[in-house]
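Please keep the sequence and the model in view while reading.

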Amino acid sequence: MSDVVGEARQRDQRERPDFSKNANMAATAPAFLSVHDIHSYYGESYIVQGVSFNVHEGEILALLGRNGAGKTSTLRTLARLDSPSLTYGEIWLDHRHLHTMSSHEAAVAGVVLVPEDRRIIPGLTVEENLQLAQIAEPIGWSIERLYDLFPRLGERRVQEGVTLSGGEQQMLSIARALARDIKVLLLDEPYEGLAPVIVDEIEKTLEVIKQQGITTILVEQNAIRALELADRCVILDTGKVVFDGSAKEVLDNKELREEYLAV
Ligand SMILES: Nc1ncnc2c1ncn2[C@@H]1O[C@H](COP(=O)(O)OP(=O)(O)OP(=O)(O)O)[C@@H](O)[C@H]1O
């Protein structure tokens, strides 16, 4: 396996595009979440091939790239899910080794993934979904505070979670994550299939979450909306970082956007 990693790293050095030069600088800066040279694979294929970036406390990082660039795989690696397997590299969360943790330990340490399919639990009301999330300690926001953040959920507290609209289910998924004491929120395509007005509401809540010092890594196909919200942006291409810099820089760089984001 180490030969495969070695070859992947050599390829990395040969093929790394110019836009990635900022990534090397970022890797040495002190940060809250520090991802260094991670390699993860499914079966025989390395999908995440030497990804490094840093995120600071309370920052919103847009993790962007074309279809199949490795965004979801990177989020899953950060959440310490078994698949893809992390074989090389380090992930530090506030001076702790995240790369040696299980997904359960990572969640207890405060790194929680809200997956694209939202995973609302059938047969449970909105409130029961939130109560269930609070069984897993350490407990985060109170349920009343979550209803303040998402008034639509408060109005539907006795409704079965799976009967909510797509946007409301997305809000419930985010609320469930906050019901735990989280430090890093990993969001996989939260705007998928939602009306712009609902995306507006979710963005407002992400601003409130940011003000509480929670770090968000946002994977999103709607690159422009993600960039308008984010402080910083990392762009992946074939499992490698090709840009690491400010979100504004990407909004201002049409050539970069067209090449790697097709917008
Ligand atoms: N469970 C799996 N087994 C094997 N290959 C996988 C698995 N999941 C993803 N892949 C492959 O890994 C590559 C990266 O997938 P990933 O979902 O991380 O990309 P992405 O950037 O999130 O793409 P998208 O924007 O389309 O969701 C793709 O080529 C995909 O086919």
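UniProt positions are given here in the numbering used for this model, and such annotations may be inferred rather than shown by experiment. The model itself is predicted. According to UniProt, in an unreviewed entry, residues 33-263 carry the feature "domain: ABC transporter". Within that span, 37% is helix and 28% is strand. The C-alpha atoms at the two ends of the span, residues 33 and 263, are 28 Å apart.

Next comes the ligand. Which residues are around the ligand? They are Y42, G43, I47, G65, N67, G68, A69, G70, K71, T72, S73 and S83. By type, this shell consists of eight polar residues, three nonpolar ones and one charged one. The element that gives the most to the shell is helix 3, made of residues 71-78, with three residues.

One member of the shell, S83, also takes part in a feature of the backbone. The peptide bond between S83 and P84 is cis, with omega at about 5 degrees. P84 belongs to the loop that runs between helix 3 and strand 4, the latter covering 85-93. H95 is not a glycine, yet its phi is positive, at about 70 degrees.

The last stop is a pair of helices. Helix 5 (residues 126-135) and helix 8 (residues 166-178) have axes that come within 8 Å and cross at roughly 30 degrees. Angles under 35 degrees count as roughly parallel, and the two helices are therefore roughly parallel to each other. The crossing of helix 5 with helix 8 is right-handed. Helix 5 brings V126, N129, L130 and A133 to the contact, while helix 8 brings L172, A175 and R176. Of the residues in this contact, five are nonpolar, one is polar and one is charged.

Note on methods. Residues are numbered from 1 along each chain as its sequence is written. This is a predicted model: local features need pLDDT of at least 70, side-chain atom pairs count only at pLDDT 80 or more; totals for chains, interfaces and linings use all residues. Helices (H or I, at least four residues) and strands (E, at least two) are DSSP runs, numbered from the N terminus. A residue is near a molecule or strand if its C-beta atom, placed from the backbone, lies within 6 Å of it. Ala, Val, Leu, Ile, Met, Phe, Trp, Tyr, Cys and Pro count as nonpolar, Asp, Glu, Lys and Arg as charged, and the others, Gly among them, as polar. Axes are lines fitted to C-alpha atoms, for helices over the stretch in contact, and angles run from 0 to 180 degrees between N-to-C directions. Angles under 35 degrees count as roughly parallel, over 145 as roughly antiparallel, 65 to 115 as roughly perpendicular and the rest as oblique. A crossing is left-handed if the near helix is turned anticlockwise from the far one by less than a right angle, and right-handed if clockwise. Two residues are in contact if their C-beta atoms, placed from the backbone, lie within 7 Å.
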